[in-house]
Amino acid sequence: MAQPTQPGPRSPAGEPPRAAHGAAPPARTRASQPAEADKLRELLRGPGYLKRLVFCGLVGIPVSLAAFWFLSGMNYLQRLVWEDLPQALGHDTAPWWWPLPLLLVAGVCVGLVVAHFPGAGGHVPATGMHAGGLGPAALPGVVLAAVFSLPLGAVLGPEAPLIALGGGLALALWHLTSATQTPQTAALLGTAGAASAMSAIFGNPLIAAVLLMEIAGVGGPQLFAVMLPALLASGIGSLVFSGFGRWTGLEIGGLRLKPGVDFPRVDAGDVLWTVVIALVLAVGLYAVQYAGRLTALRVVRRPVPATALCALLAGVCACVYALWTGRGPAEVASSGQAALADLAGDPHAWSVGALVAVLLCKGLGYALCLGSLRGGPIFPALFLGAAAGVLLAPLPGLGVGAGLAAGMAASLAAVVRLPVSSVLLVVLVLGSTTMIPVAILASVVAFVTVELLPAGPEVPLQAVPR
């Protein structure tokens, strides 16, 4: 007769015995490991998350209003300094020497803010984009540093101060509720506030959401490791589908809308030149950012004199450009947002000499401002990429449209290291989905190139003097 099976020994806690070495682990049940859908449902049902979600929706109103007045003030001051004041002094436009006193004042004032205000005026632009991270106490220094940097001619954009402003205001309003703040809550509120503040600056709220998701880096390096192959494969797939459909004349029934403006189709020459442009711009912008990091290390030691000197040298770059080309110095001493619209609207108005001069002078001024003044790196990178794309557009088989898309996507991905946001921003700025494959290819090639290059010197996020 068969002996009855005896129950195996149990652990002191009453748990079943562990599997022997080499044995397959027991299958995990639904009770021990809920499905992802169940986890999400439990999260949404939690009162704490719903409270934060509603709060983020409500906080978007005051944050967006503050961002609106901040940007309006920056634009007003910029027009006052670069248009109204020169005309009041008898000049039709800003003379060639105009950036020198303005940027000297900017350097001295920003250096004082860095040395004496909490938060050192915000993140050092040479360190890239960051999702908030600054508390309410740092907001006065952030606003002052932006006021003294952007309207006076810094080669930087307003996006980094907006991120700090939105995140800091969201945290300040949360403090007023007397609710408990955890690191997770602070990160959530900071990202939501920053997205609300940036929702209008790029002309589309979707860009702000995607940009902040990439900046926050929830998935870490694994996110980029999975995202890059998918992004590149989607771009290649789009090229194959469009090319094969054109060759065969067959339709696949995809969702497509016909825009009212005709754009040139993407050809093999566009693809080949895109890879070259992306490689060249990635190395060039990497060198600019590397120089910006070296500049930031010098500024940390003596913030006031070093910042003043770097800002003055950036003004010299604008003066050299104005004397070299006979064009306005504001095309170098600015974020490049207005000049980008002029360049894209009438690229033939820029001679080869003017394009070469603006790339050299604005690139050098960009490096100096990245390490010394306060602002964001996006708009100057977009302008430099657009200028390079227009300069290289006469290459056989390229064209202005593909050159603009490849140049802007490559330069932006090389500087901010956010490939998906770079593609989305460039496509929406150009207003054409035809250039999506070119933008994807340029963004991925540039991103991988700069990631494979040496990391460069470590710079503190906030250049607090030692």
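A120 is buried, with a relative accessible area of 2% (buried means under 20% relative accessible area, exposed over 50% and partly exposed in between, using a 1.4 Å probe and protein chains only). That residue sits in the loop between α3 (99-116) and α4 (139-149), and it has a positive phi of about 55° although it is not a glycine. Before going on, keep in mind that this is a predicted model, where local features need pLDDT of at least 70, side-chain atom pairs count only at pLDDT 80 or more, and totals for chains, interfaces and linings use all residues. Residues are numbered from 1 along each chain as its sequence is written, and side-chain values use heavy atoms, with hydrogens and water left out.

**The overall picture**

- The chain has 16 helices and zero strands; both are DSSP runs numbered from the N terminus, with helices being H or I over at least four residues and strands being E over at least two.
- Of the 466 residues in the chain, 46% are buried.
- Take the contacts in the chain with a separation of 6 or more: residues 24 or more positions apart account for 79% of them (contact means heavy atoms within 4.5 Å).

**Helix α9 against helix α16**

- Helix α9 (residues 268-301) and helix α16 (residues 436-452) have axes that come within 8 Å and cross at roughly 35°; the axes are lines fitted to C-alpha atoms, for helices over the stretch in contact, and angles run from 0 to 180 degrees between N-to-C directions.
- On the α9 side, the residues in the contact include D270, V271, T274 and Y286, and on the α16 side they include V438, L441, T449 and V450.
- Sorted by class, this contact of α9 with α16 has 13 nonpolar, two polar and one charged residues; Ala, Val, Leu, Ile, Met, Phe, Trp, Tyr, Cys and Pro count as nonpolar, Asp, Glu, Lys and Arg as charged, and the others, Gly among them, as polar.

**Helix α13 against helix α14**

- α13 and helix α14 (residues 400-416) pack at an angle of about 145°, and their axes are 7 Å apart.
- α13 also passes α14 in a right-handed crossing.
- The contact involves, among others, I378, A381, G385 and G389 of α13, together with G403, G407, S411 and V416 of α14.
- By class, the contact of α13 with α14 comes to 10 nonpolar, five polar and no charged residues.
- R417 is in the loop between α14 and α15 (419-430).
- R417 has a positive phi of about 60° although it is not a glycine, and it is partly exposed, with a relative accessible area of 24%.

**Aromatic rings and charges**

- A search of the whole structure turns up four aromatic pairs; rings of Phe, Tyr and Trp (its six-membered ring) pair if their centres lie within 6.5 Å, and planes under 30 degrees apart count as stacked, over 60 as edge-to-face and the rest as tilted.
- F68 and W69 make an edge-to-face pair, because their ring centres are 5.2 Å apart and their planes are at 80°.
- F68 is partly exposed at 47% relative accessible area, and W69 is exposed at 61%.
- W97 and W98 form a tilted pair, 5.5 Å centre to centre with 55° between the planes.
- W97 is partly exposed, with a relative accessible area of 33%, whereas W98 is buried at 5%.
- The charged end of R327 sits over the ring of W350, 4.0 Å from its centre (the rule is that NZ of Lys or CZ of Arg is within 6 Å of the ring centre and within 35 degrees of the ring normal).
- The charged end of K362 sits over the ring of F383, 5.3 Å from its centre.

**Some buried residues and their surroundings**

- S372 is in the loop between α12 (352-370) and α13 (378-392), and at 1% relative accessibility it counts as buried.
- Leaving aside neighbours within four places in sequence, S372 is in contact with V110, V299, T307 and C310.
- T295 lies in helix α9 and is buried, with a relative accessible area of 12%.
- With neighbours within four places in sequence left aside, T295 is in contact with C310, A367, L368 and G371.
- T295 and T307 are 12 residues apart in sequence and 9.2 Å apart in space, C-alpha to C-alpha.
- I163 lies in helix α5 (residues 159-176) and counts as buried at 2% relative accessibility.
- I163 and G376 are 213 residues apart along the chain, with 9.5 Å separating their C-alpha atoms.

Key
Left-handed = near helix turned anticlockwise from the far one by under 90°.
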